Amino acid sequence: MAGPDLIKTFLYTVNSLLQQEKYKAALAVLKGFRNGAVYGAKIRAPHALVMTFLFRNGSLKDKLKAILKATYTHSRNLACFVFTYKGLQALQQRIQGKSLQSHSFLAACVGGWLVFGDNNNINSQINMYLLSRILFALSRLAVEKGIIPQPKHDPFPLFATLVWGIVLWLFEYYPHTLQPSLQSSMNYLYHDSNVWHDISDFLVYNKPRTAAQT
């Protein structure tokens, strides 16, 4: 019975530690690392699975390795960023004795530079995803603060018009400026649909099976 009793004692000790207020900031940093790792894996794994099997050539082993690598990188980077951000935020608050808006900005800047400053495919996708959200948020904040007037009409149709017009112009004439994953998607949609040989690669396959296997 020593085993179950030891486990109960261990769990009681850990749970007691987790309830202590003096360790809350440090424990929040560790919990943030855990949540970053889990969320990164949940987000990247299905995306990498779909994109790899749709657009990547190679053996099944190579595809699985690519999926695992992308998932690991996203999970690790997000975990490290949350750890860095929350740690620096807690440190600034402890030094100054109160929480300021600048703490969040400075901590995130340092974390972004250390973790997401490496120019690779995963970081590029994450940073561009955030950029689009930031532009929306800053536009709303500018209206909310009275910096720009409230639009009389919904600006979203104009936004959609410009986004699609610009991205297709870039794709058709300057495709090298776009991310490889976006190029692959657009090639599939707009260029591969111009080519077929018979009903098999018109309706069933994107390209002839012999061409797809080479």
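1. In this predicted model, helix H3 and helix H4 (residues 101–115) pack with their axes 8 Å apart and at an angle of about 145°, and the crossing that they make is right-handed. On the H3 side the contact includes Asn77, Cys80, Phe81, Thr84 and Tyr85, while H4 contributes residues including Ser102, His103, Leu106, Ala107 and Val110. By residue class, the contact of H3 with H4 divides into 10 nonpolar and 11 polar residues, with no charged residue among them.

2. The structure holds eight aromatic pairs. One of them joins Phe81 and Phe116, a tilted pair with 5.6 Å from centre to centre and 50° between the planes. This pair links distant parts of the chain, since Phe81 lies in helix H3 and Phe116 in the loop between H4 and H5, 35 residues apart. Phe81 is also one of the H3 residues in the contact with H4.

3. The largest pocket has a volume of about 1600 Å³, and of the 43 residues that line this pocket, Met128, Tyr129, Ser132, Arg133 and Phe136 are the closest to its centre. The lining of the largest pocket is made up of 30 nonpolar, nine polar and four charged residues.

4. As to where that lining comes from, at least two residues are supplied by each of helix H2 (24–55), helix H3 (60–96), helix H5 (121–144), helix H6 (156–173) and helix H7 (180–191). H5 gives the most to the lining of the largest pocket, with 13 residues.

Definitions and conventions:
Residues are numbered from 1 along each chain as its sequence is written. This is a predicted model: local features need pLDDT of at least 70, side-chain atom pairs count only at pLDDT 80 or more; totals for chains, interfaces and linings use all residues. Side-chain values use heavy atoms; hydrogens and water are left out. On a 1 Å grid over the protein atoms alone, a cavity is a set of points where a 1.4 Å probe fits but cannot get out, and a pocket is an open set with protein on both sides within 12 Å along at least five of seven lines; lining residues have an atom within 4 Å of a point. Grid points are joined across faces, edges and corners, and a volume is the space filled by probe spheres set on the points. Helices (H or I, at least four residues) and strands (E, at least two) are DSSP runs, numbered from the N terminus. Ala, Val, Leu, Ile, Met, Phe, Trp, Tyr, Cys and Pro count as nonpolar, Asp, Glu, Lys and Arg as charged, and the others, Gly among them, as polar. Axes are lines fitted to C-alpha atoms, for helices over the stretch in contact, and angles run from 0 to 180 degrees between N-to-C directions. A crossing is left-handed if the near helix is turned anticlockwise from the far one by less than a right angle, and right-handed if clockwise. Contact means heavy atoms within 4.5 Å. Rings of Phe, Tyr and Trp (its six-membered ring) pair if their centres lie within 6.5 Å; planes under 30 degrees apart count as stacked, over 60 as edge-to-face and the rest as tilted.
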